[in-house]
Amino acid sequence: MTNQEVKNKIKTEEYFVNMGPQHPAAHGVLRLLLTIDGEIIKNVEPDLGYIHRSIEKMCERDSYQQIVHLTDRMDYLSSHINNEAVCLTVEKALELEVSDRVKVIRTIISELTRLASHQLWWGVMGMDLGALTTYFYAFRDREMINDIFEETCGARLTMNYNVPGGLMFDIHPNFVKRTKEFIKHFKTKLPEYDRLLTGNVIFEKRTKGVGILTKEDAISYGVSGPVARGSGFASDVRKHHPYSAYDRVDFKEILFTEGDTYSRYKVRIAEMWESMSIIEQLIDNIPEGNIKETTKAVIKLPKGEFYQRVETARGELGVYINSTGTKNPYRVKFRSPGFSNLSVLNHITKGVKIADLVATMASFDFVIPDIDR
Amino acid sequence: MNFLMMNIPLNITKTIHDWIFSIMPEMAANITEWVLIAIVYLALFAVAGLYLVLLERKVAAWFQLRLGPNRVGPWGLFQTMADALKLVSKELTSNDRIDKFLYNLAPYFVIVTSLMAMAVFPYSKQFQGFDINIGIFFLFAISSIGVIGILVAGWSSNNKFSLIGAMRSGLQTISYELSVGLSILTMVLLTGTLQLSEIVEIQRTGGWLILQGHIPAIIAFMIFMIAGTAETNRAPFDLVEAESELGAGFHTEYSGMKFAYFFLAEFINMFIIASIAVVLFFGAWLSPFGITEGITWFPEVIWFLIKVLIIIFLMMWFRWTFPRLRVDQLLTLEWKYLLPLNLVNLLIMAIVIWLNWTI
């Protein structure tokens, strides 16, 4: 018998497995309907809706100041950047120019948020691949950022620091000192991350050539963030459509061309270095200025449609506000990075093994409430 | 009938042995002694298991910048006892359409095999439960039964994740059994005996086997450690449980004490693999450079335990550092690298012995 004849003779049966809504690799309540043949994945069908809170609908009810506080419940690991997105949209609509001080502080805290998010991702990525220790290393360093946040605005995770027109209050007197301490600390710890995971033979075997996303697919599926940049698609909003103080700092847009899980990993590791560099450039000379522009107690946006995008830790977040001139928006729509990134998952994980699906999902860095608003 | 005579102060075991034989007829005394030995081994089993669980948690905490258990008892020493108490008191739940008979049988397969394997190790000169002339062969035979328990558990659970775990376990354990076997065979070739106590005796005069056997012995040890870790289903080879992929694999559907059996067996298997390594490569209870050779009251079992703990620590180090392999990489490692290397190593060992290059 030839090989093909043997293959024709042996019949295997496909079966369904529910990965989630409660599954350690789902990072939340994401349900994946898997069609599996042995260990080979034939189809991945994401089933959303398990954590839907109709945030966009709630936004239509609320005033513009209130909307801000809903957004940090979406992507809770990029809460500050999410808030900033709404504030920037409202400011754009009002044609309100915030002071340099606000811009710089917003940028610094955005980058700290990005660092915290990437740290958590790194820990979870290791955990998904079976190396639990990474989780604790990441939390050790993330704790320092959370402490800074706590001192700045009282919250550690769902920050409420941005308001339309500026910031809620000025930075804490310790802010600069503690941020510098953190950067100094993390510069010694980031190489440790590399020593533990990046150079590991098993890790390289598990991630190199796994879940390859081509640049063409990345563009056509609307993928953004580190996932897109891992495929060589230059999509960094901070670089191409600068907002806040990103036009006055010097940083590289990290691009890797392989498009596999390993390159997505490398992008985020390199981005952590870039974020630190951005903070270092700004932290020493935060300009003086107003911390908040005066706005009316009830903000009314002019009639029309307004759109602003920012780069969160997961990719491009777009905020679309349709205003009829009243005190609350007629329609709000968020273009969340996770949703578009998830759409490509089925395409790139056909024919891989279960373990590869987990590794690929980890490299996408999903935050489910961001997908399922 | 010289088992149960640990070379410890006052020869307690000898006293007990003489006392039992003095008060009852020989047959009854023998049976009593067997029961006593069984109890001693069960106690050893339970204590070793519980202690290893605690050790793993402490080691993990040390690696992961945590404190680990430190509330129950001094330094958290009673933590695992509290855990065991909790597991005993838990309800034994199961899902609806399990294969009841096999489902209940599976944990015993796993636990009984590890229990039996513990009987043959020479813990010290006189503390060996079962000194047979085919000791190593016995270990082989026993250790290959454990996989049946895991396969049966995964199959009977009526859970697809468990089934995947069980299938992985089957291919993993059976594949790595070869490497474990061949690396042990290399050392059997060197010593020329299958009896564990004799293997130790050979090392008393000629030095530890890892030194006697030169490079092939070192290669055999490395292969044994890799394959042994794989056989105990521990990271980086813990595909059978793979909590991030399969939830918990083959024992997802088990609760309470049945789960505890699987859990305990994993730790005892680690102890067994470390014990084999110590007996075959590091001279079992023999002290390094014979430093306690002349001291008659010194309990030699301490040396055995120290060596075992060092190797167990090594295995824990693997676990808390490495990511998990993928299933095809696992098989590639075994069939394309370890097995051919092992066969070549066996040949080299044969040449070394033929040319009389051993120390």
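This is a short tour of where chain A meets chain B, with a stop at a hairpin in chain A.

Before you click: this is a predicted model, where local features need pLDDT of at least 70, side-chain atom pairs count only at pLDDT 80 or more, and totals for chains, interfaces and linings use all residues. Residues are numbered from 1 along each chain as its sequence is written, chains are lettered from A in the order in which they are written, and side-chain values use heavy atoms, with hydrogens and water left out.

**Select the interface.** You'll pick up 32 residues of chain A in contact (heavy atoms within 4.5 Å) with 25 residues of chain B. The two chains bury about 2500 Å² between them, 62% of it on carbon and sulfur atoms; that's the accessible area (1.4 Å probe) lost on being put together, summed over both. On the chain A side, Glu39(A), Phe136(A) and Ile202(A) lose the most area, together 20% of what that side buries.

**Now zoom in on Glu39(A).** Its side chain meets that of Arg168(B) in a salt bridge at 2.4 Å, N to O. The count between the chains is two such bridges (a side-chain nitrogen of Lys or Arg within 4 Å of a carboxyl oxygen of Asp or Glu).

**Next, show strands 2 and 3 of chain A.** Strand 2 (31-37) and strand 3 (40-47) run antiparallel, joined by seven bridges; strands here are DSSP runs (E, at least two residues), numbered from the N terminus, and a pair needs at least two bridges. Find Leu34(A), and you'll see Val44(A) standing opposite in strand 3. Two residues lie between the strands of this hairpin, where Gly38(A) takes a positive phi near 70°.

Notes
Helix = DSSP H or I, 4+ residues; strand = E, 2+ residues; numbered from the N terminus.
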